[in-house]
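Please look through the sequence and the model shown below.

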Amino acid sequence: MRTLAVFGATGSIGGSTLDVVARHPDRFRVGVLAAHRNSEKLAQLCARFRPQCAILADPTMENDLRRRLASAGVECEVQSGMAAISEAAADARYDTVVAAIVGAAGLDSTLAAARAGKRLLLANKESVVMAGALLMQALHEGGGELIPVDSEHNAIFQCLPGERPPLAAAGVRKLILTASGGPFRGRTRRDLHDITPDQACAHPNWSMGRKISVDSATLMNKGLEVIEAHHLFGAAPDIIDVVVHRQSLVHSLVEYADGSVLAQLGNPDMRTALAHALAWPERIEAGVPPLDLAAVAQLDFEPPDTTTFRCLDLAFQALREGGDATTLLNAANEVAVAAFLEGTLPFLGIADVIEQVLAELPAEAVVDIQTLRARDLKARDTARRCIGGRC
Ligand code: NAD
Ligand code: MG
């Protein structure tokens, strides 16, 4: 029996996790549910999953959550604040942490789970992009295990040998990440001037939170995933390739020295990756319909359009630059995406802001988490200045 701490429980990944968990009450128990500030939804989840503890990052919502739980007759510990989430990540009562907070807000709890030697189910890719080297070091020192939940990395994890030798020793020639191309695949820059947030969030294959949906539309999601693959699998930037595959059925591939290419396929439903990571090395039912290849009939592949979607190259550029460049890239992207969603930055401006931040702030060596955090704030300030036209 595994006892889970689910961070980001009210989100898209949180919901998919709990859907799988509900199918296997004999295997999984929910210890903690944590979210940002949606007390209504968190209270409903608590009534259904009866965790030992519920946490809201926003302390101003704590009393509201207490009131809702009391009126529903649900008994559980209630806490608030980001520090409470990180403490829960390290709490020995919970052996498995689902890191599904969106953005840099997930970094502390992800690091805390890694240091505490938990089984870490990692969806929060921004924490790897921001602090990959420190996270991998914390994981090594904590002695736990990281199972990637991002579908591409989960696919690669499944296609690599179980004993996890270094890639070269395993005969790996390339990691090939698939990208759906997002809702604007096939468009040119001219078509993208007046894109609205709702258009950008209407993903053809996946239903996801708004931030990652915009990242998919700009191809920054794939850029973040290239950086994620670099850290999770120890892959040099030159052996990571991206191919556009519009059906989102091949989730990624590994090419070996002998010419073999192994892929993982499945319907585009995050419950597959989550069920795999929850039960690994076993396999369990995820509620995902079987893939009907004869009905699919065709799988298409094409190179990414990096002229229209500049964010992918910006991510490669930051990864190759090294040091804390990917921290700056992530911070600038988070600020730019938030501004786009608020209507203060055009869609094409997202890449411009990131490019300007990277040009203004040369990369520095990664020293420790405090220094990284200061650099993250500096990049956010610079991005806000750019958006305000003062760059
Ligand atoms: P979402 O917006 O649907 O949910 C985000 C969750 O994070 C919510 O529960 C919210 O309450 C919580 N949250 C936000 N800010 C917080 C804060 N300051 N403190 C504590 N909690 C906070 O997002 P999502 O689509 O579920 O994505 C979550 C993460 O998983 C992201 O990093 C995303 O890139 C990654 N991911 C998502 C998918 C997907 O299919 N949705 C696939 C791969 C990876
Ligand atoms: Mg992904």
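**A walk through the model**

A polar atom of the Asn154 side chain lies 2.9 Å from the backbone oxygen of Pro148. This is a polar contact, meaning a pair of N or O atoms within 3.5 Å; within protein, one must be able to donate a hydrogen and the other to accept it, and residues adjacent in sequence count only if both atoms are side-chain atoms. The model is predicted, so local features need pLDDT of at least 70 and side-chain atom pairs count only at pLDDT 80 or more, while totals for chains, interfaces and linings use all residues. Residues are numbered from 1 along each chain as its sequence is written, chains are lettered from A and ligands numbered from 1 in the order in which they are written, and side-chain values use heavy atoms, with hydrogens and water left out.

Asn154 belongs to helix α7; helices (H or I, at least four residues) and strands (E, at least two) are DSSP runs, numbered from the N terminus. Asn154 has a relative accessible area of 1% and is buried, where buried means under 20% relative accessible area, exposed over 50% and partly exposed in between (1.4 Å probe, protein chains only).

Which residues coordinate the magnesium ion (ligand 2)? They are Asp150 (OD), Glu152 (OE) and Glu225 (OE), at 2.1 to 2.2 Å. Donors here are N, O and S atoms within 2.8 Å of the metal (3.2 Å for Na, K and Ca); water is not among the atoms, so the site may look incomplete. Along the chain the donors have the spacing D-x1-E-x72-E. Because Glu152 lies in helix α7 (residues 151-159) and Glu225 in helix α10 (residues 220-233), the pair ties together parts that are 73 residues apart in sequence. Glu152 and Glu225 are both buried.

Strand β8 (residues 172-179) runs parallel to β9, and five bridges join them; two strands pair if DSSP finds at least two bridges between them. Leu177 has Val242 in β9 as its bridge partner. Of the five residues of strand β9 (residues 240-244), four are buried.

Ligand 1 has 24 residues around it, and Thr10, Ser12, His36, Glu126 and Gly209 come nearest; a residue is near if one of its heavy atoms lies within 4 Å. A polar backbone atom of Gly11 is 3.1 Å from an oxygen atom of ligand 1. For Val102, a backbone N or O atom is 3.4 Å from an oxygen atom of this ligand.
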